[in-house]
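Subject: Structure handover

Hello,

Here is the structure for your files. My notes on what was found follow below it.

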Amino acid sequence: MINLDLFDDAAEEGASTDSSREDPEQLMRRLIELLVRWEHAYYVLDAPEVPDSEFDQVYRALQKLEEDHPTLIQPDSPTQRVGGKPSEGFLQVRHRVPMLSLGNAFEDDDVLAFDRRVKELADLPANAVVDYTTDPKFDGLAISIHYRNGKFEQAVTRGDGTVGEDVSSNVRTIRSLPLKLKGDRIPANLEVRGEIFMFKKDFAQMNQRQAELGLKVFANPRNAAAGTIRQLDPKIAASRPLRFFCYGAALEREHLRELKTQSALMKWLAEMGLPVSSLSQTAKGAEGLLNFYRHVGDGRSELPFEIDGVVYKVDSFDLQDQLGFVAKAPRFAVAHKFPPDEVLSRLLNIEVQVGRTGSITPVAKLEPVKVGGVVVSSATLHNLDEIQRKDLRVGDQVLVRRAGDVIPEVLPFSGNVRNEGSVAFVMPAHCPVCNSLVQKEEGESAFRCTGGLVCRAQLTQAIIHFAHRRAIDIEGLGSKMVEVLVNREWVKTPADLFRLQFEDLVQLERMGEKSARNLLDSIHKAKQTSFGRFLFALGIRHVGEATARDLALHFRDVNNLMAASVDDLLKVNDVGPVVAESIRQFFNEPANQSVVHELIALGISWPEDQVEETDVNHPFFQKTFVLTGSLSQFSRDEASALILARGGKVVGSVSKKTDFVLAGESAGSKLDKATSLGIAVLDEQTFQGML
């Protein structure tokens, strides 16, 4: 039996959490009251208090209790009726044929039992193979669509299964729903049953627009679809990316006898232009049902829409009639649910991780829960803004969501009862890896460690950048070798590269004497560089090759640069407030200063007269270039170096600030944009002439 105290904040302090000791009638009453409350919140208030998985858990507990004590079944039990009351605000409509819910299967044994019951109730042999129709179980809003003489007439929500809400004006706006059916076999009256939902991609884009406009952001596509259909203004529904798939129809008996099977019905509906799922198929026996379940489950994360299970229906209408119904569901159909992808947990702590670029990411440490078939105990919280927007605090009950292989997401839980002692998360002032200062740049949501040259979390990436051919240029020092050196802790800062010994290098796998000597020769050769290359190699955030060159020209000496104030830095060509602050933060960090001094002490140098004086009259001076297409006379790097040497700048995208576009063969959208903006386009011959 489950622990109700996890859900019931009204449980008295010190009360027993062992619900198995309660009187069966009292426990049944508690379960009923809990489920009725949750149903009201879900169906009437549009404010779910718990995820579906928790509702199902309590519902199954009540079912088991009623099976064990049938004489105690209460008339108001959720198991004895279809659903909750419809919400007010729309015209209420009584369904001609009730919209019943389905029984649920959660394990393979439940499916085997369903197939066995079908054969027993239909008086079929135990070894008979029943044909079934299988469909995905869309995670959306159930709807009944009425057509009269092939034309859309009315749309009604499921409601309580007997009475629903007329939402015709909103449903009419759904583009995937035909307003007029096609073909010559259209009945005078047709009631189609289906699901309204959103594609995951459309939902994400809509939520982004909602956030940009300062409007409500929806928790998931299902809530978004349900909330949209219940809007009183159809213009809102028209502006949102709703879709519709049908999964059946309420037909007169003569039509059913003519069609004979559910699969024939679905084919007929598709012929009339109604959207049906391409995943639908027929299956033979329980083995076929389980194969379909596994096949769909394996590809679930790749589907464009959310599903929470699959649905099995006996294919033959005659056999469906023979099986009939129980009070709330058909005996000929069942929903086989996937493991829950939204489960309750508790936020135990919020820790931070340091990325390879220095970004500080908060990570939720959770009570381990099984979500989507995987145990989840931690999940990224992205950034401080996200934590504050969701108002997450240590000790909170939270929802953990995971669909397929998607990274787990932590969401606030509407039923959370917060402890008065809970404390809001505060971003640490110092990096947990290297103790350098943590800074947040203006206009960004991310916090970053400023210890770029000494932070172990950033070290591999920092060394790879430092050794790049356009930086210090250590030939033969690739990314895999850097990883080996860092993992062995032979290199803890860029300065350690110049301390490497031949005797150590020859011990490495696939590193012979010749390779070791070649690498050491490259390292020694790299000591002779230019001031601009040296500054670029340091990996200061926002300082690219062109900016590093401008800094070298302006300050001419590293000590002058390290002592420069923000105001001093702003005097440099193309250095704005963000870049100036980034440079100042980098050199404010004592560890970074120490590495720079070590590098110079170990022999990194540049001739004083090699500070790349630039001809201010050259046509490239202070001009911005974009390179596109395949160049035949130069590589991209060579062309960029030639531009930089003449005082120009190379950027990645075309804008109004671009002066020239150098276009090679197969130039694409950048060339088109340059042409539309009237920017000068150079071919290689013209470029060489200007050089």
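Strand E7, residues 189-197, pairs with E8 in the antiparallel sense, and seven bridges join the two. Within this pairing, Gly194 stands opposite Cys246 of E8. Please keep in mind that this is a predicted model.

E7 and E8 belong to an open sheet of four strands, ordered E5-E4-E7-E8, with antiparallel pairing. The edges are taken by strand E5 (151-157) and strand E8 (243-250); each has a single partner strand, so one side of each is left without a neighbour in the sheet. From one strand to the next, the twist averages 30°.

Helix H6 (residues 221-229) packs on it and touches strand E4 (141-148), E5 and E7. The direction of H6 makes about 130° with that of E7. Helix H9 (residues 262-271) lies across E7 and E8, and runs at about 130° to E8.

A search of the whole structure finds two cavities of 30 Å³ or more. The largest cavity holds about 60 Å³ of space. Its lining consists of Ala546, Arg549, Asp550, Asn573, Asp574, Gln622, Gly647, Gly648 and Lys649. Sorted by class, that lining has four charged, four polar and one nonpolar residue. Which helix gives the most to the lining of the largest cavity? Helix H18 (residues 545-555) does, with three residues.

Regards

How values were computed: Residues numbered from 1 in each chain as written. Predicted model: local features only at pLDDT ≥ 70, side-chain atom pairs only at ≥ 80, totals over all residues. Heavy atoms only, no water. 1 Å grid on protein atoms, 1.4 Å probe; cavity = no way out; pocket = protein on both sides within 12 Å on 5 of 7 lines; lining within 4 Å. Points joined across faces, edges and corners; volume = space filled by probe spheres on them. Nonpolar A, V, L, I, M, F, W, Y, C, P; charged D, E, K, R; others polar. Pairing = 2+ DSSP bridges. Axes fitted to C-alpha atoms, helices over the stretch in contact; angles between N-to-C directions. Contact = heavy atoms within 4.5 Å.
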